[in-house]
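Hi everyone, thanks for making time for this. Today I'd like to walk you through the inside of a protein, so please have the sequence and the 3D view ready.

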Amino acid sequence: MKRRNFLKGVLYGTGATMALVGGFGTFNKLDSLKAEAIDKDLETNVFSSCEMCRNQCPIAVKVKDGKVVKIDGHPDDAAFGGVICARGNAGPSLLYDPQRIKKPMIRTGERGEGKFKEVSWDEAYTYISDKLYNVKDQYGGEAIALASRKGPHDWFFRSIGKALGSPNVFSHEATCPMTRSVALDTTFGNEAIAADYANTKYLISIGRNWFEGIHVAQTRAVSKALSNGAKLVVLDPRFSITASKGEWLPIKATTDLAFVMAMANIMIQENLYDQDFISQYTEGFEKWAEEVKDKTPEWAEKETGISKDKIIQITREFAAAKPQAILDFGWRTAYTPNDYQLRRAILIVNMMIGNLEVPGGYYRTKPANFLKDFPDQAVYAKVLGNITQPSFPKASKGRIDGTGVKGTPGQIIPAYDGAVGKIVESILTEEPYPIRAWLVHRFNPYISLTESPRVLEAFKKLDLLVTCDVYMTDTAYFSDVVLPECTYLERSEPIFDMSGLTPKYVIRQPAVPLVYPDTKPYWQIYKELGEKLGIGDYFEFKDMEDYMSQQLRPTGITLDKMKEMGVWTPPGMNAFYVRASDANASLDNVLSNHSKKIEIFSSDVEEATKQGVPKYVSHPQPDEGEFRFVQGKVAVHTNAGTANVPILNELMPTNTLWMNPVSCTKLSLKDGDEIVISSGLYEHKGKIKMTEGIRPDTVFCYHGFGRVSPELKRAFGKGINDNHLIPNEIGEVGNTVTSTTFVTVRKA
């Protein structure tokens with residue numbers, strides 16, 4: 001990177017991120033002055049939404065002479081405050097990267113050999129269509145699996161599989177927030193529950209890291225709470241950036257549930273909970289009280305490594321702040337086999353202080369159809385209405401992951417997401433039946449699924465592997481066909497819901513024409529592929545403008561107006577909490593389960609898991625010479641998705657293994673040493689980062705690094721692929737288990 005461009009990146013990019021986390025006033029002033037100087041030359045400001053991570057922050061894209069020169073947060077969106085993170089600032093680096101995939105490609109050599117030929121779109125569609133129908137004719141439509149990152153593309157991508165009769169459509173959620181989502185659904189009857197961080201007075205994080213796993217609106221809200229005097233407590237075996245902002249409790253990994261159950265025990269024993277709220281709005285509390293009666297702080301001290309006095313102190317402080325206190329329900333929650341029970345217990349303890357639908361607690365998001373007193377509710381309720389589509393054929397077999405099967409954990413797994421790790425198992429074991437074709441959209445199973453060597457084995461056994469992506473990922477490298485998607489800065493998408501305490505809908509629209517003319521937006525790719533497959537009836541729209549116009553038709557808002565605004569929310573509407581002015585207000589509109597109660601004990605969960613209330617499971621701890629292996633997010637990358645982006649790759653091209661100095665001394669290791677990490681079956685090379693910011697029995701690395709394909713490894717593959725070392729263990733409700741692996745470390 002040229003020095004001039006680096007400084008520009010600091011002034012125009014990093015300054016916004018620094019403003020987010022606070023304490024860098026000089027950079028903010030420089031950024032502001034420099035922005036004023038160049039704004040005079042900028043010709044256009046296109047409102048859209050980011051896609052450098054899953055959060056889809058509203059953005060203002062500055063365009064000069066037909067090129068994107070700068071990206072800011074949307075200036076009129078209060079939650080995002082006109083700022084954006086480092087990843088969002090790097091959008092132009094992605095857009096103009098010459099290493100993007102530019103044309104469709106078909107494999108010509110052996111899988112993983114890296115030999116492809118560029119072909120026309122029609123050739124690619126024909127090849128895919130022929131192979132899919134070969135699989136369907138020989139094995140049935142159920143032998144086709146589809147997996148993607150969750151997003152606006154789902155409707156189009158999933159329609160291909162469903163129209164061919166496949167029930168095996170998956171999102172990446174099992175590798176990230178699955179257990180939290182299922183816990184919300186089984187407790188409240190829906191997943192649309194969010195935290196009002198900005199107004200809380202006491203915040204407890206269990207492994208959540210707002211200042212590295214950045215969600216701009218939430219990170220700003222947490223910063224606001226801290227600025228207003230809120231206390232932050234962080235339970236994490238590693239000293240994260242978030243831990244540096246509050247009180248760090250270096251808990252033993254996998255024991256968080258013991259801490260949470262001990263909190264409940266103390267609150268009941270000392271009568272610190274909200275008995276009126278529990279009586280009016282919940283059911284099954286007495287069974288929870290029975291379950292935690294022996295989960296004393298003395299017991300929890302032995303499990304967690306946190307002193308009983310500290311557990312009592314934190315619990316009393318938390319309860320004293322009620323209802324403006326939050327025990328955070330987490331983001332990425334794929335830790336242990338029973339992580340789901342931890343998330344349920346977290347929700348229960350929150351309900352014990354009555355912090356639902358009040359400022360500084362939890363609330364249900366408020367789309368337009370939620371607000372009965374919203375004058376235009378009848379009009380705006382359908383702003384995201386479904387586009388007309390024929391019914392899909394009924395699949396001849398059930399899903400490979402057992403989702404929906406009564407009396408099993410699959411009963412409560414959302415069919416929309418499924419247990420994506422089961423695809424690999426079904427390919428290799430052919431149980432309950434074989435998967436023979438796999439379509440992948442903006443998802444990299446090699447890095448994102450555990451036991452990467454086994455993922456590669458599965459790739460090699462397929463009749464067809466298709467990847468649609470912006471970059472040549474490892475998964476694309478092993479594919480039969482690679483389809484080049486254009487970037488988010490070059491395409492329109494369906495209008496999507498970002499409602500919080502008020503309704504909010506956001507548009508994505510192109511800021512510039514296609515940089516590489518043979519790339520296409522996903523909606524066009526799947527519409528054209530559908531037509532080639534003879535299932536064009538499932539894509540009854542002319543183009544994306546027609547699709548969005550159909551979405552907006554019931555609302556009275558024109559597409560031109562939505563493009564002009566970028567973000568739509570009802571004018572003059574304030575944050576809306578159901579119980580803010582009436583502590584006894586009905587929660588019928590908040591809760592979507594049949595009981596219309598917050599289900600502390602759930603008969604559905606009892607039927608599915610035999611744990612109607614959460615029960616504690618003690619996980620093994622590492623023996624002498626072993627370490628628990630944990631992973632996490634870094635602020636300048638989005639998991640495996642941004643390693644190729646030039647400016648982000650330069651900011652952080654590799655990762656290291658964090659190890660405590662006490663452990664380093666025992667192994668005769670020093671900072672920067674080359675090492676070999678072994679999990680028994682698999683090994684991986686890396687480098688040591690010696691730091692006191694981690695427990696002596698634990699090692700840590702950032703997720704998303706390391707590549708297997710020679711070309712990718714040479715350019716972007718530095719570092720440790722954590723999932724290379726972690727077995728493909730599937731948790732209770734389909735989550736990928738990532739924190740129960742033990743490793744040994746030796747000098748290379």
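Let's start with the largest nonpolar core, which has 108 residues. Please keep in mind that this is a predicted model. Within that core, Trp288, Val349, Met352, Ile423 and Trp438 touch the most other members. Helix H9 gives the most to this core, with 10 residues. Apart from this core lies another one, of 47 residues, which includes Tyr125, Leu483, Leu529 and Met548. If you are new to this, here is the background: in soluble globular proteins, nonpolar side chains tend to be buried together.

What does Ile423 touch, if we leave out residues up to four places away in sequence? Its partners are Ala145, Ala147, Phe170, Ile400, Ile435 and Trp438. Trp438 was also on our list of residues that touch the most other core members.

Now, back to helix H9. This helix runs over residues 256-269 and has 14 residues. From its first C-alpha to its last, H9 reaches 20 Å, close to the 20 Å expected at 1.5 Å a residue. Is H9 mostly buried or exposed? Of its 14 residues, 12 are buried, so H9 is largely enclosed by the rest of the structure. Among the buried ones are Phe259, Met261, Met263, Asn265 and Ile266. Just after the helix, Asn271 takes a positive phi of about 55 degrees.

With a relative accessible area of 11%, Asp256 counts as buried, because the cut-off is under 20%. Leaving out residues up to four places away in sequence, Asp256 touches Ile206, Ile251 and Leu342. Gly207 is 49 residues from Asp256 in sequence, yet C-alpha to C-alpha they are 9.2 Å apart in space.

Rolling a probe the size of a water molecule over the atoms shows where empty space is left. How many cavities of 30 Å³ or more are there? The count comes to five.

The largest cavity holds about 450 Å³ of space. Its lining is made of 27 residues, and Gly207, Asp236, Arg332, Tyr335 and Gln631 lie nearest its centre. Strand S22, residues 627-632, brings the largest share of that lining, three residues. By class, we have nine nonpolar, 11 polar and seven charged residues there.

The second largest cavity has about 90 Å³ of space. Asp256 is part of its lining, and so are Leu257, Tyr335, Leu342 and His619, among others. Helix H9 and helix H14, residues 339-352, each supply at least two residues of the lining of the second largest cavity. That lining divides into five nonpolar, five polar and two charged residues.

At 1.5 Å a residue, the 12 residues of H8 should span 16 Å, and the end C-alpha atoms are 16 Å apart, so the two agree. Its buried residues include Val216, Gln218, Thr219, Val222 and Ser223. After H8 comes Gly229, with a positive phi near 100 degrees.

Technical notes. Residues numbered from 1 in each chain as written. Predicted model: local features only at pLDDT ≥ 70, side-chain atom pairs only at ≥ 80, totals over all residues. Heavy atoms only, no water. 1 Å grid on protein atoms, 1.4 Å probe; cavity = no way out; pocket = protein on both sides within 12 Å on 5 of 7 lines; lining within 4 Å. Points joined across faces, edges and corners; volume = space filled by probe spheres on them. Helix = DSSP H or I, 4+ residues; strand = E, 2+ residues; numbered from the N terminus. Nonpolar A, V, L, I, M, F, W, Y, C, P; charged D, E, K, R; others polar. Core = buried A, V, L, I, M, F, W, Y, C linked by side-chain atoms within 4.5 Å. Buried < 20%, exposed > 50% of the residue type's maximum accessible area, 1.4 Å probe, protein only. Contact = heavy atoms within 4.5 Å. Expected span 1.5 Å × (residues − 1).
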